[in-house]
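Welcome, and please open the model in your viewer. We will go from stop to stop, with something to select at each one.

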Amino acid sequence: MKLKMSDYEIIVEKNSIRGLSKHIKSFYTYDDLFIVTDENVDELYHDFIKSVLNEFHLHIVVIKAGEQSKTIATYLDVISQLMDKGIKRNHLILALGGGVVGDLTGFVAATLYRGLPYIQIPTTLLSQVDSSIGSKVGIDLPKGKNLVGAFYHPKLVIIDPVFLDTLSKREYNQGVAEMIKAGLIANKELFNFFKDTKRVTTKEILMAIEVKRTVVLKDPFDQKERMLLNFGHTFGHAIEKKFKYQTYKHGEAISYGMLIALEIGIKKGLTPKHLYESIRHTLEMNGLIKKPYFKIEDLKEDIKTDKKFTAEAFHFICLSDIGQGVVTQIKVGEL
Ligand SMILES: NC(=O)c1ccc[n+]([C@@H]2O[C@H](COP(=O)([O-])OP(=O)(O)OC[C@H]3O[C@@H](n4cnc5c(N)ncnc54)[C@H](O)[C@@H]3O)[C@@H](O)[C@H]2O)c1
């Protein structure tokens, strides 16, 4: 299945990675190809990728796995390694890995020689349904996550669920959390899928991508509709930060954040009370939350450091129903 973005395509299909060479050759005439990946993905897929791309001369840069690599230091190191390997303007870079590799490599591609073509090949569920869609690339600073970056379109995104077979359960669940969120804000059928614990298929991946694709096309630069994607994220980010990004993974943190957003919505009269139990149960069953849950009071001070926060009021996403996210304004005093 091919999905159209403004000027590139997203291919979502099992085993689509096997057609990668053909796709590259449709627009690229050089023999040299540059790949950035992380150590885990390299260990698992090095030989496979070499066989898929055997018509090219590959130059592979391997970074350490995890958020610790989304830094200026790794950014400079990747650029230096790519230059040592002979990368020139118009050479193509492949980002093969999860959201960390995708964000960092996209930022390298956006900035090296003022922009090189690149392809996103997301290999985690979270990166397949979320970070590889929407062209946001960037790195973290000591002052906070994703503070330096750009909007930079890839030439192509290839989403192959085959990569998910090697993902740990916990990493897989982080993608499930974003898919549940996508279902809650815009697709009831997608949310309902997670009421039993089944493995996701291409169909659900497509549904989640469609939710993100639709808002990104309406709001490419994150000024308005894209805010909906932040359901659960205001308090989720506060939880991640409070625990120094160690205790809770992103999907877990936003799951607690979604519960708090439901409580706030109920308090404001926007969210029907009965939604809470069904969503709570679904998040718990998918291994994303466990008791005791966070209370608003525990996090009130922490959300003030959220970059979306302004002194008087801030945008906050609530649900008016399953599949119906709404943007509202909240005053700190209301919490
Ligand atoms: N650009 C965006 O719009 C956007 C949106 C959401 C998240 N993000 C970013 O995405 C990042 C998180 O992405 P992530 O959750 O993919 O994390 P990640 O890239 O750190 O990957 C998680 C772990 O899975 C491993 N891994 C990757 N693919 C694998 C596979 N197929 N089999 C086995 N192990 C595999 C990685 O080595 C890593 O250890 C964060 O930095 C976040 O800020 C960006």
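The tour below visits the ligand, a pocket, an aromatic pair and the cavities.

Before we start, note that this is a predicted model, in which local features need pLDDT of at least 70 and side-chain atom pairs count only at pLDDT 80 or more, while totals for chains, interfaces and linings use all residues. Residues are numbered from 1 along each chain as its sequence is written, and side-chain values use heavy atoms, with hydrogens and water left out.

**Stop one: the ligand**

Colour them by class, with Ala, Val, Leu, Ile, Met, Phe, Trp, Tyr, Cys and Pro as nonpolar, Asp, Glu, Lys and Arg as charged, and the others, Gly among them, as polar.

Now show the helices (DSSP runs of H or I, at least four residues) and strands (E, at least two), numbered from the N terminus.

Next, look at the polar contacts, meaning pairs of N or O atoms within 3.5 Å. The side chain of Thr 123 places an N or O atom 2.7 Å from a ligand nitrogen. At Thr 166, a side-chain N or O atom is also 2.7 Å from a nitrogen atom of the ligand. Lys 136 takes part through its backbone, with a polar atom 2.9 Å from a ligand nitrogen.

**Stop two: the second largest pocket**

Volumes are the space filled by probe spheres set on the points, which are joined across faces, edges and corners.

Select the lining of the second largest pocket, including Arg 170, Tyr 248, Tyr 256 and Lys 290. The pocket holds about 190 Å³, and its lining has five nonpolar, two polar and four charged residues.

**Stop three: an aromatic pair**

Show Phe 243 and Phe 294, an edge-to-face pair with 5.9 Å centre to centre and 70 degrees between the planes. Rings of Phe, Tyr and Trp (its six-membered ring) pair if their centres lie within 6.5 Å, with planes under 30 degrees apart stacked, over 60 edge-to-face and the rest tilted. By this rule there are 15 aromatic pairs.

**Stop four: the cavities**

There are two cavities of 30 Å³ or more. The largest, of about 60 Å³, has a lining that includes Val 129, Met 179 and Val 211. Four of its lining residues come from α6, the largest share. The lining has six nonpolar, no polar and four charged residues.

Finish at the second largest cavity, with about 50 Å³ of space. Among its lining residues are Ile 35, Tyr 45, His 46 and Leu 96. Here α2 gives the most, with five residues.

Notes
Polar contact = N/O pair within 3.5 Å; in protein donor to acceptor, adjacent residues only side chain to side chain. 1 Å grid on protein atoms, 1.4 Å probe; cavity = no way out; pocket = protein on both sides within 12 Å on 5 of 7 lines; lining within 4 Å.
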